[in-house]
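Thanks for asking me to look this one over.

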Amino acid sequence: MNAANRLPAAFAELEPFVDQWCLATSNERTTARRNSTPEEREAFFNAGKVIAADALQLLDQKPLDQLDDKEQCLMSLLLSLAHVSLAVEIQGGDEARHALASQHMPITRSPSNPR
Amino acid sequence: MTAELPVFEPVTKEEASRIGTAPVPAGPYYQSDYFDAECEAVFRRSWLNVGHTCELPEPGDYIVRELEVANASLLITRNRDGLLKAFHNACTHRGTQLVSEPCGRRQVFSCPYHMWTFNSDGELRNAPDFDQFYVDKAELNLKPVAVDSCGGMLFINLNPNPAQSLRDYLGPLADQLETLPSARATTFSEYVYEIDANWKLTYDNFQENYHLRFIHPKTGAATSGKDNPFGYPLRYGFHDPHRTQTIWSNPQPQIQPFQMLAFGKGMQFAMQDGLVGSEQSKEYYAVFPNLFILGSPMQPFSHTVYPISATKSRGVIRIYWVGEDDCASRRFAREYAMGLARDIHSEDRAVIEAGQRGLNSGALTHIHFQAQEVLCRHLFNMVDERVQAYRAERQTGGAQ
Ligand code: FES
Ligand SMILES: [Fe+2]
């Protein structure tokens with residue numbers, strides 16, 4: 001696993017997911033969801049869902065444009081988690097079929113995309 | 001928790017039969033001569049949604065929109081006085097497309113070919129070596145297109161002198177659109193799709209719930225229930241040529257734990273922004289010919305189906321937000337809401353294309369709409385009235 005500390009210390013257990021899920025745009029996140037394996041999605045969702053509320057609480061203490069690099073990375077993981085949760089929690093076994101449809105609907109604008 | 005829940009009562013077959021019961025001809029859903037007539041009779045004569053006013057908030061802002069149905073490229077500006085203006089994006093010298101960027105901010109627009117320069121009112125301000133021409137500068141302003149907005153939604157009319165103002169065209173819908181979250185939006189999320197299907201066939205998919213349980217087995221779970229297994233709406237409304245439905249939602253929806261976190265945040269911000277509790281929050285507007293708007297406080301979206309050919313269309317879906325992302329929770333709630341709406345919308349595309357492939361051969365002379373597909377029937381009625389009137393007009397014109 002990558003040894004770098006790319007997340008706030010309290011959320012270090014998510015470090016193994018940074019390479020795959022710390023992404024800049026909404027369309028990259030839904031593409032990563034589509035290109036991942038069920039095992040990858042489940043591992044990320046299981047690790048993320050238990051810390052999501054606490055992570056949001058931490059990040060909410062600052063305006064978004066003042067988040068440091070580690071906090072931004074955590075934010076980005078939470079946004080990917082939103083996409084992955086739709087696969088794991090809502091679609092479940094239907095995700096493979098759903099992914100075929102999803103590729104035809106690119107996200108062309110999102111307030112979370114960098115300006 | 002055991003209080004009696006109201007029992008769902010669907011719109012009756014008798015009520016819906018007011019809009020008609022006969023089979024509908026299939027040709028208008030694939031034939032190119034019908035499509036050509038629609039371009040003239042419907043799309044060149046109706047107010048068409050092309051965007052949202054938040055895309056050009058300041059004087060000097062502009063957007064460019066390609067409108068394949070009219071082979072037109074449009075330049076929409078906000079002039080120095082803050083007024084919306086729209087023009088054909090075609091230089092009046094020899095037709096060159098004036099602006100190639102999709103949006104921006106500028107006081108003047110210079111044609112790349114011979115440098116004729118127009119202002120945001122479309123007036124020709126400067127043309128090099130103009131003495132060599134045989135025409136007055138005043139005759140060379142950009143060709144205007146009618147433009148107006150209602151509830152933030154931006155509309156154009158290719159007829160520079162439309163038969164009706166936008167407000168008259170929208171009728172009773174105009175006041176309601178002004179109350180929706182989309183009217184207060186300052187930004188939006190957007191996703192798009194290209195589809196090998198007629199615009200009406202595509203649009204119809206999004207105005208009937210008969211398919212929900214088959215095409216959205218997972219994402220549709222929140223919109224069906226024991227007493228309403230198909231998730232049919234509570235009411236239909238007809239305001240020719242527009243129509244509405246009042247969405248029914250399961251009073252005891254099954255919400256997953258992580259979804260609850262996202263919905264909880266979304267609801268908190270919707271309340272904070274004063275978007276909750278409006279009478280229009282369950283209204284789904286079908287604005288003729290090709291726009292939908294949903295009044296929901298948490299996923300207020302518009303969906304426009306742009307025709308490209310008889311069997312090709314493009315959908316543009318936008319979810320509207322009031323204010324920029326100001327904190328992590330708001331950003332998270334918006335990402336989730338957009339992701340869920342997109343999951344649902346994306347599930348429909350393949351089955352619509354399959355419908356088109358089935359119709360293209362002409363094997364079916366007619367299609368059948370049930371009572372709960374009455375909005376599809378109403379769209380056909382509204383389009384066909386206009387196409388038949390246009391054809392009759394052409395025949396009398398041709399006989400003279
Ligand atoms: S075509 Fe535009 S200046 Fe000549
Ligand atoms: Fe659908």
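Is B:His216 buried or exposed?

1. Let me start with that residue, keeping in mind that this is a predicted model. B:His216 has a relative accessibility of 3%. Since the cut-off for buried is under 20%, B:His216 counts as buried. B:His211 has a relative accessibility of 12%, so this histidine counts as buried too.

2. Both histidines belong to a metal site. The iron ion (ligand 2) is coordinated by NE2 of B:His211, NE2 of B:His216 and, through two OD contacts, B:Asp348. These donors sit at 2.0 to 2.6 Å. If you like to look for the pattern in the sequence, the spacing of the donors along the chain is H-x4-H-x131-D.

3. What is the geometry of the site of the iron ion (ligand 2)? It is irregular, with angles of 55 to 142° among the 4 donor atoms. To count as tetrahedral, four donors would need all angles between 85 and 135 degrees, and the ideal value for four tetrahedral donors is 109.5 degrees. Please bear in mind that water is not among the atoms, so sites may look incomplete.

4. Next, a contact between the chains. On the α6(A) side, the residues in contact are A:His98, A:Ala101 and A:Ser102, and they meet B:Arg342, B:Asp343 and B:Ser346 of α9(B). Sorted by class, this contact has 1 nonpolar, 3 polar and 2 charged residues.

5. Two peptide bonds in chain B deserve a look. Most peptide bonds are trans. The bond that joins B:Asp240 and B:Pro241, however, is cis, with omega at about 5°. B:Pro241 is placed in the loop between β13 (235–239) and β14 (242–246). A cis bond also joins B:Phe288 and B:Pro289, with omega at about 0°, and B:Pro289 lies in the loop between β15 (283–287) and β16 (291–294).

6. Then there are some backbone angles to check. Most residues other than glycine have a negative phi. B:Asn71 has a positive phi of about 50°, and this residue lies in the loop between β3 (61–67) and β4 (72–78) of chain B. With a relative accessible area of 77%, B:Asn71 is exposed. B:Met115 has a positive phi as well, about 65°. The place of B:Met115 is the loop between β7 (108–110) and β8 (117–119) of chain B, and at 44% relative accessibility this methionine counts as partly exposed.

7. Which residues does B:Thr244 touch, leaving aside those up to four places away in sequence? They are B:Leu173, B:Arg235, B:Tyr236, B:Gly237, B:His239, B:Glu283, B:Tyr284, B:Tyr285 and B:Leu375. B:Thr244 itself is in strand β14 of chain B, and its relative accessibility of 7% means that this threonine counts as buried.

8. Finally, a residue in a helix. B:Ala392 is found in helix α11 of chain B, which covers residues 374–399. Its relative accessible area is 41%, so B:Ala392 is partly exposed.

Conventions. Residues numbered from 1 in each chain as written. Chains lettered and ligands numbered in written order. Predicted model: local features only at pLDDT ≥ 70, side-chain atom pairs only at ≥ 80, totals over all residues. Heavy atoms only, no water. Donors = N, O, S within 2.8 Å, 3.2 Å for Na, K, Ca; no water. Tetrahedral: all angles 85-135°; square planar, octahedral: opposite > 155°, others 65-115°. Buried < 20%, exposed > 50% of the residue type's maximum accessible area, 1.4 Å probe, protein only. Contact = heavy atoms within 4.5 Å. Helix = DSSP H or I, 4+ residues; strand = E, 2+ residues; numbered from the N terminus. Nonpolar A, V, L, I, M, F, W, Y, C, P; charged D, E, K, R; others polar.
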